[in-house]
Amino acid sequence: MQINEFMGFSAPEQLLRYILDQSLLQEQLSSRLTLIVWVMLAASAVIWIFVGRTHKGYQISSIYWLCCGMGIWLSLYRPVERIVPTVIFILSFLSFIFAVIPVWIYKWRWLGAWPGHLHNLSASYQVPGGLITSLTAISLLVFFLGLCYLTSFVTVAGSLLIGMSLLTVFHYDDRLEVALAGMVMITLSIVSLFLALTGARSCSAPTVLNLVLIVVALMSIHWIWLGRIWQQQRVNGKPLTTSARLVPLTRHVGIMMLGFATLLGIKQSLWPIMPVGGFDNAPGRLILIGIFSLVLLASNFWIWRKMQLFSLGLLLVMNVFSVGMSFLTRFPGFFKQYFEPHWPLVMGGYFLVVILMGLILSIRRRRKMVWPEGSKKRVGS
């Protein structure tokens with residue numbers, strides 16, 4: 001029995017390939033954008049009719065949906081290959097206008113309050129009603145469209161604009177979902193920038209995946225490290241700055257990035273034995289896989305040591321396994337002759353070693369808890 005048939009990757013891979021081929025056809029994507037236009041126009045009308053007539057803030061949200069819908073509709077008149085990049089830029093630019101420009105106007109009035117408009121000093125900025133939910137929904141659409149053009153500078157600019165817009169709104173309204181969306185969009189911008197600068201547009205799919213994994217693994221460390229820095233801006237558990245309010249989210253985003261890198265790492269390790277894959281064992285690919293392996297394992301180990309979570313230890317075990325499989329599956333002779341016939345024995349031995357190491361570490365940890373450092377010296381003295 002072949003290992004790829006045993007693991008059941010054939011049917012899911014064919015289904016995934018079919019879904020991707022269908023969703024990335026630009027003609028079909030254009031028709032789906034037409035449906036999105038009608039949904040946005042309907043959302044604008046519903047907000048205006050049921051809420052906007054009595055609440056001024058919701059009128060702004062209604063206009064925002066209307067502008068987004070009209071922007072996508074006008075983009076459909078462009079050449080097919082430029083529709084999605086144009087939509088990404090328009091939605092991000094409109095989000096920046098509706099979220100950041102009013103804040104700039106508020107700050108300009110506050111700075112110019114002396115001496116004739118002192119009442120502006122006591123006025124606080126209020127985010128228009130419904131705008132936060134609207135921005136979060138549009139950012140989700142920009143995120144998925146950006147994944148289709150991950151190596152484009154348009155995705156870099158669009159993700160950065162909408163990420164800044166979301167975090168700006170969070171400064172005036174503590175909505176964790178908008179902050180989470182903003183941090184994810186900033187991460188997407190950095191990943192896309194790295195791919196654009198390295199010329200990943202002309203690379204193969206496994207190489208692009210490998211480059212994405214390197215950046216995502218580094219971003220997992222970045223967010224957790226940034227949260228530890230921002231933790232210093234909290235006194236007695238109370239945040240003193242907007243950055244300090246993001247501290248709880250940095251842990252979640254960092255672990256989420258690490259988990260995403262783990263899933264993609266497993267996908268890459270099993271790529272050669274999948275129907276869509278091939279034995280891409282060129283020297284350059286092996287070097288790139290080695291770089292990613294070191295970055296992923298170092299990131300996972302650093303985060304595990306800092307947070308001391310059992311789940312992160314299991315994640316490290318999975319990453320060690322995926323790294324080993326990344327090299328094994330790229331040597332067809334060795335893989336077919338030695339590993340595949342005996343894979344249950346090899347995997348069973350690996351997990352047995354992992355269990356033994358886990359038991360040893362847990363026993364050592366319990367001993368440290370029973371005998372803290374310096375306790376033996378105090379007893380002897």
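Me: How many residues does helix α13 have, and how far does it reach from its first C-alpha to its last?
Reply: Helix α13 (residues 310-328) has 19 residues and reaches 27 Å, close to the 27 Å expected at 1.5 Å a residue. The expected span is 1.5 Å times one less than the number of residues, and helices are DSSP runs (H or I, at least four residues) numbered from the N terminus. This is a predicted model in which local features need pLDDT of at least 70 and side-chain atom pairs count only at pLDDT 80 or more, while totals for chains, interfaces and linings use all residues. Residues are numbered from 1 along each chain as its sequence is written, and side-chain values use heavy atoms, with hydrogens and water left out.

Me: At what angle do α11 and α13 pack?
Reply: Helix α11 (residues 247-269) packs with α13 at about 25 degrees, with the axes 8 Å apart. Axes are lines fitted to C-alpha atoms over the stretch in contact, and angles run from 0 to 180 degrees between N-to-C directions. That makes α11 roughly parallel to α13 (angles under 35 degrees).

Me: Which residues of α11 meet α13?
Reply: Among them are Ile255, Leu258 and Gly259 in α11, and the residues they and others meet in α13 include Leu312 and Leu315. Contact means heavy atoms within 4.5 Å.

Me: Changing topic, is Ser75 buried or exposed?
Reply: Ser75 counts as buried at 2% relative accessibility (buried means under 20% relative accessible area, with a 1.4 Å probe and protein chains only). Ser75 lies in helix α4 (residues 56-75).

Me: What does Ser75 touch?
Reply: Not counting residues up to four places away in sequence, Ser75 touches Ile83, Thr86, Val87 and Ile90.

Key
Helices (H or I, at least four residues) and strands (E, at least two) are DSSP runs, numbered from the N terminus. Buried means under 20% relative accessible area, exposed over 50%, partly exposed in between (1.4 Å probe, protein chains only). Angles under 35 degrees count as roughly parallel, over 145 as roughly antiparallel, 65 to 115 as roughly perpendicular and the rest as oblique.
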